[in-house]
Amino acid sequence: MTKFIITRHGQTEWNVEKRMQGQANSPLTDLGRKQADALRQRLSDVEFDAVYCSSLQRAVDTASIICQGRKNEIILRDDLMEIGIGSWSGMLLSEVDEAYPEQANNFWKVPEAYIPMPGGETYLQLRERAKRALLEMAEKHKNQTVLVVSHGIVLKLLYNIFRYQPLADIACNHPHPKSCCYCEVEWADAVWHINCWNDTTHYELITDL
């Protein structure tokens, strides 16, 4: 059995501005850093045998806060990066909706029909790389606990994998993964088991909002 603790990065400036991020970088806000610190406190009694993180800076900064005071190496993996959205990166959600109404609708509501902009990737491509990454970790870290820091749509795809759902069900999986949410999943006897998903009770530890 391998236990995974999986989270999304903290709130970023582009989250606040309602901009599409994809694989472009946007720094954590003060709240985003506090969210990561709250999760650090929640996990203070949990030992990580390995820590894996998306190579995008917002995820790296989140992982660094969570792992403060620990000796774990933060291993960066490109296959944990957010979905590639090409030229949409940096655009306001409203601008994407106006300029590309059909594909914007498909991006959020009909994932199996979504066709990415040049330089982007499909939901299926993201699901396959995320699945491959988690299975590699599970094989390498049997009977261990692994922390994974990634992104919102990656977590939506992982939930889809863990629930053995068809790709179309991604649009029905609400709410969207929250910043620095707590997700706990086990891989045992070649089957995924979700123990907890998208939990943010540790937000109560943020006292100076």
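This is a predicted model: local features need pLDDT of at least 70, side-chain atom pairs count only at pLDDT 80 or more; totals for chains, interfaces and linings use all residues.

Biologist: Which residue forms a salt bridge with Glu136?
Modeller: That's Arg77, and the closest N and O atoms of the two are 2.7 Å apart. This pair ties together distant parts of the chain, as Arg77 is in strand β3 (residues 74-77) and Glu136 is in helix α6, 59 residues apart.

Biologist: Is Arg77 buried or exposed?
Modeller: Arg77 counts as buried because its relative accessible area is 15%, and the cut-off for buried is under 20%.

Biologist: Where do Asp30 and Arg33 sit?
Modeller: They're both in helix α2 (residues 30-42), and because they are three residues apart, about one helical turn separates them. In general, an α-helix has 3.6 residues a turn, so residues three or four places apart point the same way. Asp30 and Arg33 form a salt bridge, with the closest N and O atoms 2.3 Å apart. Asp30 counts as exposed at 51% relative accessibility, while Arg33 is partly exposed at 37%.

Biologist: Okay, new topic. How many residues does α6 have?
Modeller: α6 has 18 residues. From its first C-alpha to its last, α6 reaches 26 Å, close to the 26 Å expected at 1.5 Å a residue.

Biologist: Which residues of α6 are buried?
Modeller: The buried ones include Tyr123, Leu126, Ala130, Leu134 and Met137. Two arginines, Arg127 and Arg129, are also among the buried residues of α6.

Biologist: How many residues of α7 are buried?
Modeller: Eleven of its eleven residues, so helix α7 (residues 152-162) is mostly covered. Among them are Ile153, Leu155, Leu158 and Phe162, and also Lys156 and Asn160.

Biologist: What covers the buried residues of α7?
Modeller: The list includes β1 (2-8), α5 (101-109), α6 (123-140), β4 (145-150), β5 (182-188) and β6 (191-199). Just after α7, Tyr164 takes a positive phi of about 55°.

Biologist: How many residues are in the largest nonpolar core?
Modeller: It has 39 residues, and those with the most contacts inside it are Phe4, Ile6, Trp88, Phe107, Tyr123 and Leu158. β1, β2 (50-54), α5, α6, β4, α7, β5 and β6 each supply at least two residues of this core. α7 gives the most, with eight residues. As a general point, nonpolar side chains in soluble globular proteins tend to be buried together.

Biologist: What is Ile6 in contact with?
Modeller: Leaving aside neighbours within four places in sequence, Ile6 is in contact with residues including Leu134, Val148, Leu155, Leu158, Phe162 and Val185. There's also a second, separate core of 19 residues, which includes Ile66, Cys67, Val149 and Tyr182.

Biologist: Where is Gln103?
Modeller: Gln103 is in helix α5. It is buried, with a relative accessible area of 16%. Not counting residues up to four places away in sequence, Gln103 touches Trp88, Ala113, Tyr114 and Ile115.

Biologist: Last one: where does Cys180 lie?
Modeller: Cys180 is in the loop between α7 and β5. It counts as buried, at 0% relative accessibility. With neighbours within four places in sequence left aside, the contacts of Cys180 include Thr7, His9, Gln35, Leu39, Thr62 and His202. The C-alpha atoms of Cys180 and Asn198 are 8.6 Å apart, and the two residues are 18 apart along the chain.

Key:
Residues are numbered from 1 along each chain as its sequence is written. Side-chain values use heavy atoms; hydrogens and water are left out. Buried means under 20% relative accessible area, exposed over 50%, partly exposed in between (1.4 Å probe, protein chains only). Helices (H or I, at least four residues) and strands (E, at least two) are DSSP runs, numbered from the N terminus. Contact means heavy atoms within 4.5 Å. A salt bridge is a side-chain nitrogen of Lys or Arg within 4 Å of a carboxyl oxygen of Asp or Glu. The expected span of a helix is 1.5 Å times one less than its number of residues. A nonpolar core is a set of buried Ala, Val, Leu, Ile, Met, Phe, Trp, Tyr and Cys residues joined through side-chain atoms within 4.5 Å.
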